[in-house]
Amino acid sequence: MIELPKNQEYQGSRSRQCSTALYFIFSTLTFSHGPIIKSPLSKIVVVVWCFVVLILVQSYTASLSSILTAKRLRPLMTDLHQLRSSGDFVGYQDDSFVRSFLVNHNFSESRLRNYTTKEEYAAALRMGSKNGGVSAIIDEIPYLTSFLSDRRYENDFRMLGSIYKTPGFGFAFCLGSPLVHNLSTAIPHLAGGDEGSRIERKWFGSASPPMGPSMVPDMGSTPLTFQSFSGLFIITVSISTLMLLISIMRSIHAKCTGLTKAKDESRLLQNTMGGDPSPVPQ
């Protein structure tokens, strides 16, 4: 609309004007503007719009990358029920009571694989269940913490899902031993204080806390919507409207000035004709 009065590329039939304008709008998305603009007001509008387009394109590109990355990082299994239903292979530590724990939870013994070292854990998880590995490792938390605290694996694996309690370990003493009361009192005190955490970090290292289903990254929680860029659109519309109003005011001013000049020239011509009459022949 700003270019229409003076730029011939935007003139013509209504259909040609609309097609040229739409082509120019969409060409700015790839920053390959077709028709030439001449008015300084139009250039201001285009500069602001290109800035907005740059932010939109970069934001949606980053959002798409995050969605694709989150899908790759999203764990397929988060609890024992899903593991059992999937039929995938599951790993456990060799000579551990975890095998009987899994069997008691209706896991098929043919789907269980035992491993001994951290390297075997990592190799099996990387291969996956379909390539000779496993989909998950079930083990006691101290051993998993020791595995995940290793710098070679801390960025590749996470401790997932629910924590399942087992009867655990116990200490056996002779009947009537005074150590029973002392040890029973010391263990809860040690576990609930800072000393227990310090001992655990010393011998098993530290790892990220278990990530349950509610902690799995959800890209749908913060989507990009029109409201996310409302400020940019308000600025763009305001500047475009202001430039259009200035263009209309300049056009009106130019027409008024032209009419005033035409009237002045007409009066001057009439005065000239009245002051120098033509001779009348005798």
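**Spans, sheet, cores and salt bridges in a predicted model**

The end C-alpha atoms of residues 224-246 lie 34 Å apart, and this span is 74% helix and 0% strand; helices (H or I, at least four residues) and strands (E, at least two) are DSSP runs, numbered from the N terminus. The model is predicted, so local features need pLDDT of at least 70 and side-chain atom pairs count only at pLDDT 80 or more, while totals for chains, interfaces and linings use all residues. Residues are numbered from 1 along each chain as its sequence is written, and side-chain values use heavy atoms, with hydrogens and water left out.

Residues 224-246 are one of the spans that the unreviewed UniProt entry annotates as "transmembrane region", together with 21-38, 44-68 and 162-180. UniProt positions follow the numbering used here, feature names are shortened, and annotations may be inferred rather than shown by experiment. Over residues 44-68 the chain is 100% helix and 0% strand, with 37 Å between the end C-alpha atoms.

Turning to the sheet, 3 strands form an open arrangement in the order 2-1-3, with parallel pairing; two strands pair if DSSP finds at least two bridges between them. Strands 2 and 3 stand at the edges with a single partner strand each, so one side of each is left without a neighbour in the sheet. From one strand to the next, the twist averages 35°, where axes are lines fitted to C-alpha atoms (for helices over the stretch in contact) and angles run from 0 to 180 degrees between N-to-C directions. Strand 1 (residues 90-93) is joined to strand 3 by 3 bridges, and Gly 91 stands opposite Ile 137 in strand 3.

The largest nonpolar core has 13 residues, of which Tyr 115, Val 134, Ile 137, Phe 147 and Phe 157 touch the most other members. Such a core is a set of buried Ala, Val, Leu, Ile, Met, Phe, Trp, Tyr and Cys residues joined through side-chain atoms within 4.5 Å; buried means under 20% relative accessible area, exposed over 50% and partly exposed in between (1.4 Å probe, protein chains only). Helix 5 (118-127) and helix 6 (141-148) each supply at least two residues of this core.

Leaving aside residues up to four places away in sequence, Ile 137 touches Gly 91, Tyr 115, Tyr 121, Leu 125 and Leu 144, contact being heavy atoms within 4.5 Å. Leu 144 is buried in helix 6, as are Thr 145, Ser 146, Phe 147 and Leu 148. The buried residues of helix 6 pack against helix 5, strand 3 (136-138) and helix 8.

Across the whole structure, 5 salt bridges are found, each a side-chain nitrogen of Lys or Arg within 4 Å of a carboxyl oxygen of Asp or Glu. In one of these, the closest N and O atoms of Arg 99 and Glu 109 are 3.0 Å apart. Arg 99 is partly exposed at 28% relative accessibility, and Glu 109 is partly exposed at 47%.

Helix 8 (residues 194-204) holds both Glu 195 and Arg 198, which are 3 residues apart, about one turn of the helix. Their side chains meet in a salt bridge (2.6 Å, N to O). Elsewhere, salt bridges that share partners join Glu 119, Asp 150 and Arg 152 into one network.
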